[in-house]
Amino acid sequence: MKPINENKKAIIIGASSGIGKQLAILLTNKNYIVGITGRRKNLLEEIKQQSPQSFIVSDFDITNTDEVEDKLNLLASELGMVDLIILSSGNGEINHELDFAIEKKTLDLNVVGFAAVTDWVIHYFQKQKQGHFVAITSIAGIRGSRQAPAYSASKAFQINYLAGLQQKITKQRLPIYVTDIRPGFVNTNMAKGYGKFWVAPVEKAAKQILKAIEQKKAVVYITKRWRIIAIILKLIPRYFYKRV
């Protein structure tokens with residue numbers, strides 16, 4: 001392997017399983033050195049064992065916002081200049097009974113933790129004067145959901161937050177890119193609820209995401225056919241949608 005300072009560097013927040021894990025593997029296949037984070041250190045260490053020289057492990061929970069900055073500063077300093085940061089952490093539960101404990105858990109991660117990480121990333125890239133930030137949101141953020149109200153609302157927050165950042169970066173005229181990845185159903189633990197269709201294997205989803213990253217797209221649906229559903233969701237009148 002090339003020395004660490006000759007490889008591109010990436011950080012994946014939420015890499016212990018699912019899309020984040022698969023993206024970490026794909027990036028190392030393209031000669032990236034990848035900092036992988038998550039709450040479950042044992043799962044991160046299992047990933048590292050596949051290629052010990054390609055991964056740096058940092059275990060922390062982004063809902064503990066007081067430690068986000070320190071943990072990410074340390075990881076970035078270990079890597080050197082970071083080219084790509086992917087935020088793949090997320091939570092969502094079916095909550096027909098509107099149990100507030102379930103809603104709060106979702107909001108703590110998808111809103112508060114998301115904002116803490118995202119703000120750090122943008123400050124880091126502004127100081128570096130370049131970089132690419134990618135966040136995994138969801139097609140669920142387009143309209144509300146009776147099955148998981150907090151999840152769809154939190155994803156709407158993320159979508160709009162990223163749109164604001166894209167506008168901010170454009171005004172600053174810096175070579176910083178922000179990509180909003182909006183998956184439909186992917187075969188991970190996040191795929192919950194009834195009526196699932198077009199469920200993509202995680203490997204296929206990750207490959208399409210990586211392609212979108214390489215093309216520096218602003219918004220992309222995963223898999224591509226979910227763009228059709230997005231258009232339909234946007235067009236359904238409120239009168240009919242609330243009766244679905």
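I count as helices the DSSP runs of H or I with at least four residues and as strands the E runs of at least two, numbered from the N terminus. I also number residues from 1 along each chain as its sequence is written, and my side-chain values use heavy atoms, with hydrogens and water left out. The model is predicted, so I ask for pLDDT of at least 70 for local features and 80 or more for side-chain atom pairs, while totals for chains, interfaces and linings use all residues.

**Entry 1: a pocket**

I looked up the second largest pocket. For me a pocket is an open set of points, on a 1 Å grid over the protein atoms alone, with protein on both sides within 12 Å along at least five of seven lines; a 1.4 Å probe that fits but cannot get out marks a cavity instead, and lining residues have an atom within 4 Å of a point. The volume comes to about 290 Å³, taken as the space filled by probe spheres set on points joined across faces, edges and corners. I find 18 residues in the lining, and K8, Y32, D83, H132 and K216 lie nearest the centre. Strand 5 (131–136) and helix 6 (202–214) each supply at least two lining residues. Helix 6 gives the largest share, with 3 residues.

K216 is in the loop between helix 6 and strand 7, and its phi is near 55°, positive in a residue other than glycine. K216 is partly exposed at 41% relative accessible area; my classes are buried under 20%, exposed over 50% and partly exposed in between, with a 1.4 Å probe and protein chains only.

Most residues other than glycine have a negative phi, and most peptide bonds are trans. I place R173 in the loop between helix 5 (149–172) and strand 6 (176–183), where it is exposed at 76%. The peptide bond from I222 to T223 is cis, with omega near -10°. T223 sits in the loop between strand 7 (219–222) and helix 7.

**Entry 2: salt bridges**

How many salt bridges does a search of the whole structure find? I get 3, each needing a side-chain nitrogen of Lys or Arg within 4 Å of a carboxyl oxygen of Asp or Glu.

K30 and E214 pair at 3.3 Å, N to O. They link distant parts of the chain, 184 residues apart, with K30 in the loop between helix 1 and strand 2 (32–38) and E214 in helix 6. K30 is partly exposed at 43%, and E214 is partly exposed at 46%.

K104 and D108 meet at 2.8 Å, N to O. They are separated by about one helical turn because they are 4 residues apart in helix 4 (residues 100–128).

R182 and D180 meet at 2.9 Å, N to O, and here both partners are buried.

Is Q22 buried or exposed? Q22, in helix 1 (residues 18–29), is buried at 16%. Leaving out residues up to four places away in sequence, Q22 touches V202, E203 and A206, where contact means heavy atoms within 4.5 Å.

Last, I noted that W198, I228 and I232 make a nonpolar surface patch of about 270 Å². Patch members have over 30% relative accessible area and no salt bridge; nonpolar side chains (Val, Leu, Ile, Met, Phe, Trp, Tyr) are joined within 5 Å and like charges within 9 Å. Areas come from the Shrake-Rupley method with a 1.4 Å probe, and for residues only the protein chains shown count as cover. I232 lies in helix 7 (residues 226–235) and is partly exposed at 44%.
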